[in-house]
Amino acid sequence: MLNYIIRRIIAGAGLLLVVSLVVFAIFFLVPRLAGATPDSLATRYVGRAPTPEAVAAVRDRLNLDDPIIVQYGRFVRGLFVGYDYDSGTDVIHCDAPCFGYSFVTNSEIWPQLLDRLPVTASLAVGAAVIWLVAGVAVGVLSALRRGSLLDRAAMMTALAGVSLPIFFTGLVSLALFAYYLPIFPPGGSYTPFTENPLAWAHGLVLPWITLAFLYAAMYARLTRAGMLDTMGEDFIRTARAKGLPERTVVAKHGLRAAITPIITIFGLDFGLMLGGAVLTESTFSLPGLGKFAVDAIRGNDLPAVLGVTLLTAFFVVLANLVVDLLYAWADPRVRTGGRA
């Protein structure tokens, strides 16, 4: 098991390196191949109203005249040891991990990401618990009562959850439960967990439910399909023939076999969610990574967009690593390459 963990960690680190190379190429190499010049690239760093002086300063600070491979090496080095942006008249130091420096806000990107990460993590964790528990429970009940009124109602609700966009359900929930019935606070209200846990949870109930409604619907349908396939297998009939209680047959044998694809999807969904729930955060005006990325795109702040992209990629790779380890724990054949 230890050797498998080491191999997966090394593979994850290599994948992160490849991801950083691809992201850097998308932001810096592809525009050059399309005809962009160092001055046009520097324009993306100075906001909506760039001046020639500001563009020239940014071009010199970022050394955009250097070859791409040199720029990438400098970027990777900055992630580990920091980087100094020298324009000839002053030096701006970016501490490690240096995800870049925004000349629009005149601040480093990494501290801004850290400030917004707790909001996104709070939203992702709360919604994930709701959609995983509700989706799997509804899917199991629907499979056990196939064709019943409960099954049809649950699948119709799941279809509605998959079909309705988050910005619609979010606005409807705000209109009903924040303005018409002022049960929950309106959008834009976030209280850190360390200050007041009750206010933190109360302010996130609507975003949690709105976000979980979409994912719970998908998980319910996937769980139902998996349970229907699993409950007809020979080992289920054998377990029942041994006299095991139906609850044990369903939970220990049926659900354990059907939940394997759910683990994969949950890991990837949760990793992406930690990179920012763009629509949910924008709808409820939550100052998380998703809204930060949207504001950066609107303000033409390329380092901020690059930082969010790399952080999201890191969370996805990390979630994929966790999923692989969970597979290895649940099924020893994964560790041995399928050998019995």
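## A first look at Arg 237 and its surroundings

Arg 237 is partly exposed, with a relative accessible area of 47%. Its side chain meets that of Asp 234 in a salt bridge, with 2.1 Å from N to O. Asp 234 counts as exposed, at 53% relative accessibility. Please keep in mind that this is a predicted model.

Side chains of opposite charge can pair when their charged atoms come close.

### Other charged pairs

How many salt bridges does the structure hold? There are seven. One of them joins Glu 246 to Arg 240, whose closest N and O atoms are 2.8 Å apart. Glu 246 is partly exposed at 41% relative accessibility, and Arg 240 is also partly exposed, at 38%.

Another salt bridge links Asp 66 with Arg 74, and here the closest N and O atoms are 2.7 Å apart. Asp 66 has a relative accessible area of 23%, and this makes it partly exposed. Since residues under 20% count as buried, Asp 66 at 23% falls in the partly exposed class.

Salt bridges can also join up. Asp 39, Arg 59 and Asp 65 are linked in a network of them.

### Around Pro 38

Which residues does Pro 38 contact once its neighbours within four places in sequence are left aside? They are Arg 32, Arg 59, Leu 64 and Asp 65. Along the chain, Pro 38 and Arg 59 are 21 residues apart, yet their C-alpha atoms are separated by 6.6 Å.

### The nonpolar core

Let us now turn to the inside of the model. In soluble globular proteins, nonpolar side chains tend to be buried together. The largest nonpolar core here has 75 residues. Phe 28, Tyr 85, Leu 113, Trp 131, Leu 211 and Met 227 have the most contacts inside this core.

Setting aside neighbours within four places in sequence, its contacts are Val 140, Ala 143, Val 250, Gly 254, Leu 255 and Ala 258.

Helix α13, residues 289-298, also has buried residues: Leu 289, Gly 290, Phe 292, Ala 293, Val 294 and Ala 296. Just after α13, Asn 300 takes a positive phi of about 60 degrees.

### Cavities and a pocket

The structure holds two cavities of 30 Å³ or more.

| Space | Volume | Lining | Classes in the lining |
|---|---|---|---|
| Largest cavity | about 260 Å³ | 17 residues | 13 nonpolar, three polar, one charged |
| Second largest cavity | about 60 Å³ | 13 residues | eight nonpolar, five polar, no charged |
| Largest pocket | about 410 Å³ | 14 residues | 13 nonpolar, one polar, no charged |

Which lining residues lie nearest the centre of the largest cavity? Phe 24, Phe 28, Leu 62, Phe 75 and Tyr 85 do. Phe 28 and Tyr 85 are also among the residues with the most contacts inside the largest nonpolar core. At least two lining residues each come from α1 (2-33), α4 (68-81), β1 (83-86) and α14 (302-330). Of the elements, α4 gives the largest share, four residues.

In the second largest cavity, the lining residues nearest the centre are Pro 185, Pro 186, Gly 203, Pro 207 and Phe 284.

For the largest pocket, Leu 16, Leu 79, Phe 80, Phe 99 and Phe 314 lie nearest the centre. Two or more of its lining residues are given by each of α1, α4 and α14.

Notes: Residues numbered from 1 in each chain as written. Predicted model: local features only at pLDDT ≥ 70, side-chain atom pairs only at ≥ 80, totals over all residues. Heavy atoms only, no water. Core = buried A, V, L, I, M, F, W, Y, C linked by side-chain atoms within 4.5 Å. Buried < 20%, exposed > 50% of the residue type's maximum accessible area, 1.4 Å probe, protein only. Contact = heavy atoms within 4.5 Å. Salt bridge = Lys/Arg side-chain N within 4 Å of Asp/Glu carboxyl O. 1 Å grid on protein atoms, 1.4 Å probe; cavity = no way out; pocket = protein on both sides within 12 Å on 5 of 7 lines; lining within 4 Å. Points joined across faces, edges and corners; volume = space filled by probe spheres on them. Nonpolar A, V, L, I, M, F, W, Y, C, P; charged D, E, K, R; others polar.
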